[in-house]
Structures are given as structure tokens and as C-alpha cells.
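Student: I would like to go through this structure step by step. Can we start?

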Amino acid sequence: MWEISGGTPPYTLTLDGASVDADAESATVLCPDLPEGAAEAPATISAVVTDAAGGAATASAAYTIVPPFHGPLFSERTAGVEPLSLTLTALRAECTAGTLNPVVWRIKGGTPPDTLTVDGAVVDADAERTTVTCGDLPAGATEAPGTIKASVTDAAGTTVTASAAYTIVPPLPAQSELGGPSLHALNWLKWDRGGVGGSPPTTGTWTSACRCQRYLVRWRSVGTDTWTTDSLVVNLRQAADGVIFYSLEGLDEGPTYEIAIAKVRDEIEQETPGALLWSVPVLIAPVSPLSGVEVIATHDTITVNWDPPPVLKRLEVRLREPRTYRSDQREIIADDTSPDHVVFRDLRPDTWYSLHVIVGTPELAADAMMRVRTGAAPADWAPLPRGPQNLRTSVTHDSVTVAWDAPYAGADDVYTVEISHSAWRDQAIVSGGVTTHTFTGLFPARRYWLAVTHSDIASESVGVPIRPQAQQAQQAQPLRLALSVERAECTTGASTPVNWTITGGTPPYTLTVAREPVAADEGTTTVPCGTGGPRQATIQAHVTDGTGAMAAAAAAYMIVPPTPAPPPPPRPARAGPRAPPPPAGRPARAAGARQA
């Protein structure tokens, strides 16, 4: 056995110069002859592996060449030359409870013939091997030790004993979600390789030589007691998408069968089916492929005719173009008026197609498959347009709307619209005469690829690069609000203009100034100045954008009292008798002046 890791598959493997299958479980090589007169000799097996990239690696395994024995493990014996001895080996180090464990032995010395017992049963001492039943596992235990005991008595009456140890393990878990055939697994039973417990087991056929799992599949007609059992070994490296298939082609049409599977560690476990855990059986009534299938091809059509079966529940005809791996399919639910043909139109001339005619139910189906080639195009033939026509787009900062025209009149009206960027993609199926679609939630200034695919057999697509408007990228900036008051001093009872600027964030905006809602786009409003003064006052504003982000700002000013009114003008003097003029030589004095 071998294990290959790393490199680039597929691998090419040679053992002692002979090519072997690198994916096989194991291979055999011929041991060389023992040198004359030698009791044993060393030997080596050499292996070379080469991968698809030309890399190579080597390995070797050593063993000992010994002379031939009587039977598999018996040597030539001469009476009285060696003392009697017995060795015992259990070939399964781990043995499922209740299943069989092969046992081999080697008897040396003593005086033949011998009487051999293994686990209390007399067996032929010259036989190749025998089997014993592995013990039961205690309730709740995940493993338990097991021992096989043997004794041999030779012709001289000498008796020796030996034992072999192994581990008792529970049966592998029952397979879950066993599925009958479907239109995606024609005439094949299928199941998930993981089953209960996740990954496959690490014992039994799951080895370094082959990452394989062994299954037993059994079936019987409903109402009968006899099971038919088959063994299946699956290389899990080759199990596509983790799904395993088993062909049901050998079952006769007519009876209903119940089918179940079980995982096993070794092929010998099929001899004790009662010790295994089996899946819940599925009921299957096989059907035969449709008869009388006839195909007629022109340069741009393929017509499929068939003989209606006596009982038909479902029929599906698929046509696929291998070049594109796209397919067209027609499903027919049969009744008394069911057609006996179908026509695929508007195909490519001189092109190979794969045709499947499938009959059955969703649980079981039979498939008739063939390859068909359309004829050469006539000289006056003009190809129909392929793919959506007149593709056009309308792009905003975070969305794109795409529209198109049908490729030709009467074309199937099912389209796949897909937008992608790096590893991200989104798609939609558009039908029913609709030829437009909008993708939203895009990132500004990011490059995307937009494609529209027509879902006919040609499956042509048309694609264009798009880029949302870069000028909207400022919306990703933080929301900010700036506020100012036009009047640094405002008289009690008057009003003052207030101005603001909003930047960043995501429109639309909701704005309040001095606790009153205002239109955010106006940019200005008036606010009452307040009363009292002189004192300092503040106007506060709050804004919320379309995403719920908030920002606030404030502006200060002075409230001042009104300007005082000017004093009234002085009153004019009253008219009255004049004072006599002062005597000559004496100065005049003001009225009301007192004499000193």
C-alpha cells in the first residue's frame, strides 16, 4: 500500500519497475528467491511516483524473505528438533462488534500431527486460516478490548497456548438521507458520502493507499424475505461533490424493491449483515427507457419522435450544446392527449448536440441518450441574431438599470441578468415579456461587469462594464453642519437671519433650527432674537441624513436692549418786565445773583 500527497495529479506510479494504478487500494510484487542455504534474507521494494507537472519522488519498503511453509504459516518440522511453539495473529486490529475476524497462526517445533483449538473450537491445524466472531460492545462504550485464545497439542502430548488481541468497535453509523433516483441521477441510487457523523471513517478501507469507503447495498422485492447483497468500494477523491451513485440497471422492471445500504470497515462484514447499521430502505419501482426514439435533424432544428409507453407519468426531453454546456429542456406530463414528439428550433448548423429522452417519475427515471448533429446551412440561410439586442444602461451613484431587445421575433423570453465585481456577483431571472432590470445598493465609483444572457439553446450573452457616478462618492464623507448668525447684536424682540451649510452624509436631510423644522435646502431662515439684555444668546441646529447619521451646530450673538429715545429740546423763556440797566460805572449781574 502507499500514500501519495502533494504534487499535481494525475500520478504515474511504478513498483519495482512495473507500472501500477496510483489510485488503487494496493498492488502485489513478486518476492525474490532465497539464496541457497540461507534461512532468511533482507529485501526491498522500490517505488517511483511522477506527477502531472513532471515532479518525481521515490520511496522504499523493507521486508524479510523466508523459506516456504506448509500452508500459509507452517514450517518444516522434524520431531524433537525444536520445542513446540504457537503464535496467533488477528488480521483485523479493529473489529466491528458481532462481525468476523480472520485468524492465522504459526506452529513450530514439536511432533506433528497437531490438534488446534481457536476460541474453544477445533480447527484444522494445516488450514490457511479460520474466523472468529468479535465480541459484543458493552452498552454505552465506544470501544472495548477483545482477545482470541488458541492452544495446540502435538503427537507427543505437549500443549502450548497463544492469544491475539484486537479492539471491539461499534458498527459504522447508518447512512442518512438515502435518495432514490431522480432526473438528475438517472437509474442510479445516490447518497451523500458523509452521512451521519460528517466525514468518512478513518479505518477499514479508508487507508493511505486509497481514500476509499466500502459500502454494502442490498435489495429485495417487497413481500419477500431474501436479500441480494452487493459490495461497493468508492474512491472518495473521485466522488463528485461528495455524492455517491450506485447503478440500478440490473433490477427488473415491474416489481417494487426496497433498497438499503450500510457502511462497512471490511468486506468480510457482509457475512454478518445483522451486526451492521442499515439505512432506512427506499422503495423503488424501476422503469425502462422510452422505446421507438427517432431523431430527425435539419440545419437548424432537431425533432424527436417516440412510441408512447402504455403507462407514463412524466417525460422530459433535454438538448444540450457541448460547446457551451447550455441546455434546453421540454417537460411533458402525459395524458391521453400527450404529444409523441418535440421540436427544438433555431439551432446552430453543423453542430453536435447531446440529446436525453427521460421517462419516469421524479423518484425514478430511465434515460435514452444520444448525440445528434445538425446539417450544414444552405447557401441562402441567414443566421438569426443571438443574444439580447440593443443593450442599454442608465447609471446613478448607487444603481444601474439595464434594458434590451429580444434577439428575434418569437424568441424565448427568459433571460439571466448578472452583475459582478471581483468575487461578488448578483443575478436575476427575468421572464414574462420583461426586458429590463435594476440593481441597487451599488458602491459609487466602483467598476462592475453587467451581462444579460438569453436562455435559448445558444445561450448567448451580451455584457458591458459600468461604473456608478464618481461625483456621488462624497456621500461617504461624515455628515457635517455649519451655522452662522448675520447679526452679531440683536435687539430684544427683533429677529436675525441664520445661515447654514450641510456637507457629507447621505441625502435627504432633516434640519431643525432653534427647535423649529426648516427646509434643509433653503440655506437660510430667520429666528427671533429673544428678550432681556444685554446678554449672550445661542441658536442651536440639528441635522439628520438619510442613513440616520446626526450632526449639530451652534451660533452665538448678543441680545441688546433698544436704543434710548433722545431728550426733548429745551423750552423757550417766558416774556416779562425787563430789569433796569445798571448804573453807570457798575457792572451788571446776572438775575438771581446775590450781593456778596
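Student: Is Arg92 buried or exposed?
Tutor: Buried means under 20% relative accessible area, exposed over 50%, and partly exposed in between, with a 1.4 Å probe and protein chains only. The relative accessibility of Arg92 is 5%. Therefore Arg92 counts as buried.

Tutor: A word on the source: this is a predicted model, where local features need pLDDT of at least 70, side-chain atom pairs count only at pLDDT 80 or more, and totals for chains, interfaces and linings use all residues. Residues are numbered from 1 along each chain as its sequence is written, and side-chain values use heavy atoms, leaving out hydrogens and water.

Student: With which side chain does the side chain of Arg92 make a polar contact?
Tutor: A polar contact is a pair of N or O atoms within 3.5 Å; within protein, one must be able to donate a hydrogen and the other to accept it, and residues adjacent in sequence count only if both atoms are side-chain atoms. For the side chain of Arg92 the distance is 3.2 Å. The partner is the side chain of Thr99.

Student: Which residue does a disulfide join to Cys95?
Tutor: A disulfide is a pair of cysteine sulfur atoms within 2.5 Å. Here the S to S distance is 1.7 Å. The residue joined to Cys95 is Cys134.

Student: Why is the disulfide of Cys95 and Cys134 right-handed?
Tutor: Look at the torsion about the S-S bond. The disulfide is right-handed because this torsion is about 95 degrees.

Student: Are Cys490 and Cys529 buried or exposed?
Tutor: These two form a disulfide, with sulfur atoms 1.3 Å apart. Both Cys490 and Cys529 are buried.
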